[in-house]
Structures are given as structure tokens and as C-alpha cells.
Amino acid sequence: MVSIPLSGFFSPSSSHVDQILEWVSDTKQYPLFLHCKHGQDRTGMIVGLYRVEYENRAPTQAYQEMLD
């Protein structure tokens with residue numbers, strides 16, 4: 001288990017997001033369960049950024065997936 005806390009009130013720094021995305025993209029960590037307290041904003045943001053950066057999804061598509 002790895003805990004990388006993110007504030008629900010303040011934007012994370014770019015370096016913090018990069019650290020999380022680096023960890024999430026490491027397939028040695030798979031299977032991976034990613035969650036936050038509510039499973040909406042922070043989880044959705046990280047998964048959306050992963051989709052855009054590593055899966056070449058359009059930002060609008062990743063954002064819509066987060067909303068859904």
C-alpha cells in the first residue's frame with residue numbers, strides 16, 4: 001500500500017502530480033487500486049491525467065469520463 005495524500009481544497013504541485021503519475025505508470029505496481037476519500041475529484045484528476053499522458057486520450061474525453 002502506498003499513500004500519497006492530496007488536498008481536497010488546494011491544487012497539487014506539478015512535481016507532486018508527476019510523482020503520482022510515475023508511480024501509477026509503473027506496471028510492477030499492478031494490479032493497482034487508486035482511490036481517495038470520496039472517489040471523485042482527486043481520483044478522477046489523476047486517472048484523467050494518466051489517460052491523457054499515457055494513453056493519448058483527448059483531455060475532453062478524459063474529463064467527461066471523470067464526470068461520468
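**Charged pairs and their surroundings**

Guide: Glutamate 65 has a relative accessible area of 33%, so this residue counts as partly exposed. Please note that the model is a predicted one.

Visitor: Which residue forms a salt bridge with glutamate 65?

Guide: The partner is arginine 51, and the closest N and O atoms of the two are 2.8 Å apart. This pair links distant parts of the chain, since arginine 51 is in helix H2 and glutamate 65 in helix H3, 14 residues apart.

Visitor: What lets such side chains pair in the first place?

Guide: Side chains that carry opposite charges can pair when the charged atoms come close to each other.

Visitor: How many salt bridges are there?

Guide: The count comes to 4 salt bridges. One of them is formed by glutamate 55 and arginine 57, with 3.6 Å between the closest N and O atoms. Salt bridges with shared partners join Arg51, Glu55, Arg57 and Glu65 into one network.

Visitor: Where does arginine 57 lie?

Guide: Arginine 57 is found in the loop between H2 and H3. Leaving aside residues up to four places away in sequence, arginine 57 touches Arg51, Val52 and Glu65.

Visitor: And aspartate 41, what does that residue pair with?

Guide: Aspartate 41 forms a salt bridge with arginine 42, where the closest N and O atoms are 3.5 Å apart. Aspartate 41 is partly exposed, with a relative accessible area of 40%. Arginine 42, at 18% relative accessibility, is under the 20% limit and therefore counts as buried.

Visitor: Changing topic: how many aromatic pairs are there in the whole structure?

Guide: A search of the whole structure finds 1 aromatic pair. Tyrosine 50 and tyrosine 54 form this pair, which is stacked, with 5.0 Å from centre to centre and 20° between the planes.

Visitor: Why are tyrosine 50 and tyrosine 54 separated by about one helical turn?

Guide: Both belong to helix H2 (residues 41-55), and they are about one helical turn apart because 4 residues separate them. Tyrosine 50 counts as buried, at 18% relative accessibility, whereas tyrosine 54 counts as partly exposed, at 42%.

Visitor: Which residues make the nonpolar surface patch?

Guide: Tyr63, Met66 and Leu67 make a nonpolar surface patch of about 300 Å². Leucine 67 belongs to helix H3 (residues 59-67) and is partly exposed, with 49% relative accessibility.

Visitor: Now the overall fold. What does the secondary structure come to?

Guide: The protein chain has 3 helices and 0 strands, and along the sequence they follow the pattern α-α-α.

Visitor: What about burial and surface across the protein chain?

Guide: Of the 68 residues, 19% count as buried. The accessible surface comes to about 5400 Å², and 53% of this surface belongs to carbon and sulfur atoms.

Methods:
Residues numbered from 1 in each chain as written. Predicted model: local features only at pLDDT ≥ 70, side-chain atom pairs only at ≥ 80, totals over all residues. Heavy atoms only, no water. Patch = residues over 30% accessible without salt bridge, like charges linked within 9 Å, V, L, I, M, F, W, Y side chains within 5 Å. Areas by Shrake-Rupley, 256 points an atom, 1.4 Å probe, with all protein chains shown as cover. Salt bridge = Lys/Arg side-chain N within 4 Å of Asp/Glu carboxyl O. Helix = DSSP H or I, 4+ residues; strand = E, 2+ residues; numbered from the N terminus. Buried < 20%, exposed > 50% of the residue type's maximum accessible area, 1.4 Å probe, protein only. Phe/Tyr/Trp six-rings, centres within 6.5 Å; stacked < 30°, edge-to-face > 60°. Contact = heavy atoms within 4.5 Å.
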